[in-house]
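Here's a quick briefing to read with the model open. Take a look at the sequence and structure first.

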Amino acid sequence: MKIDGKSKLCGLIGKPVEHTMSPLIHNTLSEILGKNMVYVPFLVEEDLKSAVEGAYALNIRGLNITVPYKEKVVDLLKEIDPLAGQIGAVNTLCKTEGGYVGYNTDMTGLYRAFCSEGIKIQGEKVIILGAGGAARSVACLCSHYKAAQIFILNRNVEKAKLVAEEINALQEEPLVFPMALEEFDQLPKEKMLCIQATSVGLAPCEERVVIENQSFYERIHTGYDLIYRPANTRFMQLVKAQGGRAFHGLKMLLYQGIEAYEIWNECRVEESLCNTIYEKMKGEMGIEE
Ligand code: NAP
């Protein structure tokens, strides 16, 4: 990689940042596309405001924002993309005159991962497991792309109710239905898309899943687990055991990076190149499939 006076700098702000795969995504893209851009992670212990202002002063073109700053960074932006605004969380900043504009490529990336796998949201009845930050964002995405109905099942049902209230307030008719995990037998008795957005099943607790009962999985035609470590979660195994298709979340991670790269470089990354990067990510993670 050649670095000179014209090199564009992008990076990641978060805590921790040690295990990130983003440098692999962005630096490989720049190398293959011959773009003079360098991507580095920055550990920000606590002073996010100084970090963002400093990045702007240093002419840093773009930043990814990760845990724990995705919500906090919203107050430091010049402008926010409408979907990111509804979600209330931003993971990508792009420098413009007068300040950074914020986007949520976690969700546009998830949508692109769905498109690449042939998973449709529009008109679908969708089950979301979880009501944390990721689940809330997924619910916004599903409402944005016109799901027919959204069922949010969470251990803490009050949190599911809050997400439902927030999204339903923007609808003419109720769209989101909060439920406790144990109430799954009250779901419509038909095949649906299910997105697993809890942290249950994440390595090293790979044998765990939020709902064990196989009759729940009979209702799923497609299961998408946001978790990608391990690459074959217990949730995915249970979906497949009942005849459904199942995916892990590594493509979501890939496309959130691709979408950020496209914003910073005002370009479109070809699908064949996305696949090349994806193979590299799988290699890094030791995934064979
Ligand atoms: P979060 O805000 O901490 O939410 C965690 C969720 O998991 C909550 O719904 C919580 O339920 C539930 N949960 C935790 N422990 C549980 C247990 N023992 N039993 C039942 N439910 C439990 O986390 P998040 O940011 O939303 O992230 C959720 C997952 O998405 C993580 O695994 C993360 O790695 C993954 N993710 C993946 C990507 C990607 O690029 N692929 C991007 C973002 C996130 P309560 O509300 O009841 O506590």
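This is a predicted model: local features need pLDDT of at least 70, side-chain atom pairs count only at pLDDT 80 or more; totals for chains, interfaces and linings use all residues.

Residues are numbered from 1 along each chain as its sequence is written, and side-chain values use heavy atoms, with hydrogens and water left out.

**Around the ligand**

- The ligand has 21 residues around it, and the closest are Ala-134, Asn-154, Arg-155, Lys-159 and Leu-226 (a residue counts if one of its heavy atoms lies within 4 Å).
- By class, that shell has 10 nonpolar, eight polar and three charged residues (Ala, Val, Leu, Ile, Met, Phe, Trp, Tyr, Cys and Pro count as nonpolar, Asp, Glu, Lys and Arg as charged, and the others, Gly among them, as polar).
- Helix 5 (133-144) and helix 9 (250-265) each give the shell at least two residues (helices are DSSP runs of H or I with at least four residues, strands are E runs with at least two, and both are numbered from the N terminus).

**Polar contacts** (pairs of N or O atoms within 3.5 Å)

- Asn-154 puts a polar side-chain atom 2.8 Å from a ligand oxygen.
- A polar backbone atom of Asn-156 is 3.0 Å from an oxygen atom of the ligand.
- On the Arg-208 side chain, an N or O atom is 3.1 Å from a ligand nitrogen.
- On its own the ligand has 930 Å² of accessible area, and the protein covers 72% of that (Shrake-Rupley method, 1.4 Å probe).

**The pocket**

- The ligand sits in the largest pocket, meaning that more than half of its atoms lie within 2 Å of the pocket's grid points.
- A pocket here is an open set of points on a 1 Å grid over the protein atoms alone, where a 1.4 Å probe fits, with protein on both sides within 12 Å along at least five of seven lines; lining residues have an atom within 4 Å of a point.
- The volume of the largest pocket is about 1,600 Å³ (the space filled by probe spheres set on the points).
- Its lining has 49 residues, and Thr-66, Val-67, Lys-70, Ala-134 and Tyr-228 are the closest to the centre.
- That lining is made up of 23 nonpolar, 17 polar and nine charged residues.

- Most residues other than glycine have a negative phi, and most peptide bonds are trans.
- Lys-15 to Pro-16 is a cis peptide bond, with omega near 5°, and Pro-16 is in the loop between strand 1 (8-14) and helix 1.
- Ala-203 to Pro-204 is cis, with omega near 10°.
- Lys-146 has a positive phi, near 60°, and lies in the loop between helix 5 and strand 8 (149-154).

Terms used. A polar contact is a pair of N or O atoms within 3.5 Å; within protein, one must be able to donate a hydrogen and the other to accept it, and residues adjacent in sequence count only if both atoms are side-chain atoms.
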